[in-house]
Amino acid sequence: MGQRGTTSLPPMTRKPLVLLHTTTGATRSYSHALATLAGVLHRDGYGADELLLITLDTETVRATSDQILSLSPHSVLVTAMSNQWHRVSQLAELIKQEAPQIRLYVGGTHVTAAPDTFLCSRFDSAVVGEGEMVLMNLLTASSPPRIVKGDAVADLDHLPMPYLPLFDPADMLEYPSVMFSRGCPYHCSYCMSRNGGIGGRVRWKSPSRAIQEVAALIDYAGPKEIFIDDDTLLKNPTWVARFCDEYKANFAIPFLCNARPETVKAPILDRLVRAGCSAIGIGIESGSSRLRAQVLDREMSDDVIIKAFFTAKSVGLRTWSFNMVGLPGETADDLKATVEINERARVDFVRVSIFTPYPGTPAVDASDLHDKPYIRSPRDLPDDLRNVYVSWIFRLREAGRLWVTDTEEKICNNQ
């Protein structure tokens, strides 16, 4: 399904097709999912003037609805995470009130994890799973099914190249990124990529395909550095070694990547540095070994975490950490342990998120979040946790070590 030449587009689909980019404040400029879907559409006959990107910012639902309605598109494609679901549902309601003939399709991690929530929305169809192989048949169906199961793409190299012209190069430079794999071999309780993700196994683009995508990004946007967005790049050291060799032979632009503490070993970090890696993000998540083991399914010792950061520094890499606050059963002392382990590991930059697990993951079953909003804020934290959290944010900001997102920006500005 969805292969070149297998589907002829009916005349009504020659109206513009809108792809909705919903931002969260952490990564504003680019959507790997939309770029890949646009690549499928472009390969199968849509011209550049028929694919329109519209951005839905945090507080612009009505304005975005008006903008889409003014374009009179045939369809709108939406991909959404759980913390974006409320906004995209509002948008669908507004569009359908004015133009019920516009078809609204939704996919992404939220409806994959919680398809029942789609049934209460105004979207016409939802894709549960990966959408590339079912996209064209869905768009050309006279009566699209309500829920479509999208099978995992077995060979990612068979996907068309991401269609970068969908995005403004200046916007992409806010966070110029690439992604080379799907799924994760680990089993963190809060993550949709756990245990291989959709399809149950980790899949990689080949190193040569990865290099092609890097080259396309450089040619299109001209970034000065590149973020490799894979959750845990070092999960396949053999692949990383081959990629590093090819990257070094082709590019001189530095890149940044992410890793789990257990995967951080000096030999593979040496390869990264020689290829041009300048910084690495490592997940701490909590300084409490009890919460790591009992809530997060991240059974690792403090020593393993601290050693990972020291190993990265020993080869010349800057570091940043990923941390969460508001975990089920977390106490103020647990959060203070998170603060402490970041200091013991001498982390250069610290990123802190409010714990918001995906519906359908074990972390939700272990918490009281079943009936809570999909987006959480510091106001949702108990007073003792919030006090420690806010104090930490201010100290990190003052020291120039805070990886700022919208949440931290509002706190620092006393909003």
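**Entry 1: the sheet with β3 and β4**

I looked up valine 76 first, and I found that this residue stands opposite leucine 104 in β4. The two strands concerned, β3 (residues 75-79) and β4 (residues 103-107), pair in the parallel sense over five bridges; I count strands as paired if DSSP finds at least two bridges between them. Helices (H or I, at least four residues) and strands (E, at least two) are DSSP runs that I number from the N terminus. This is a predicted model, in which local features need pLDDT of at least 70 and side-chain atom pairs count only at pLDDT 80 or more, while totals for chains, interfaces and linings use all residues. Residues are numbered from 1 along each chain as its sequence is written, and side-chain values use heavy atoms, with hydrogens and water left out.

I then followed the whole sheet, which is open and has six strands in the order β2-β1-β3-β4-β5-β6, with parallel pairing. Its edges are β2 (51-56) and β6 (147-150), each with a single partner strand, so one side of each is left without a neighbour in the sheet. From one strand to the next I noted an average twist of 25°.

**Entry 2: helices on this sheet**

Helix α1 (residues 32-43) lies across β1 (17-22), β2 and β3 and runs at about 165° to β1, and α2 lies across β1, β2 and β3, running at about 165° to β2.

I also looked at α2 (residues 61-71) against α3 (residues 85-98), whose axes come within 9 Å and cross at roughly 45°. That makes α2 oblique to α3, on a scale where angles under 35 degrees are roughly parallel, over 145 roughly antiparallel, 65 to 115 roughly perpendicular and the rest oblique. In this contact I listed residues of α2 including Val61, Ile68 and Leu69, and residues of α3 including Leu91, Leu94 and Ile95.

I found another open sheet of six strands, in the order β7-β10-β11-β12-β13-β14, and its pairing is parallel. The edge strands are β7 (177-178) and β14 (349-354), each of which pairs on one side only. Within this sheet β11 (residues 255-259) and β12 (residues 277-285) pair in the parallel sense over five bridges, and asparagine 258 stands opposite glycine 281 in β12. I saw that α13 packs on the sheet, where this helix touches β12, β13 (318-325) and β14, and its direction makes about 180° with that of β13.

**Entry 3: two further helix pairs**

I recorded that α13 (residues 332-344) and α15 (residues 383-399) pack at an angle of about 20°, with their axes 8 Å apart. That makes α13 roughly parallel to α15. Their contact includes Leu335 and Val339 of α13 and Val388 and Trp392 of α15.

For α9 (residues 237-250) and α10 (residues 266-275), I noted axes that come within 8 Å and cross at roughly 20°; the two helices are therefore roughly parallel to each other.

**Entry 4: confidence**

The chain has a mean pLDDT of 90, and 90% of its residues reach 70 or more. Over residues 1-13 the pLDDT is below 50, and beyond near neighbours in sequence this stretch has 28 contacts in the model.

Conventions:
Axes are lines fitted to C-alpha atoms, for helices over the stretch in contact, and angles run from 0 to 180 degrees between N-to-C directions. Contact means heavy atoms within 4.5 Å. pLDDT is the predictor's confidence in each residue, from 0 to 100.
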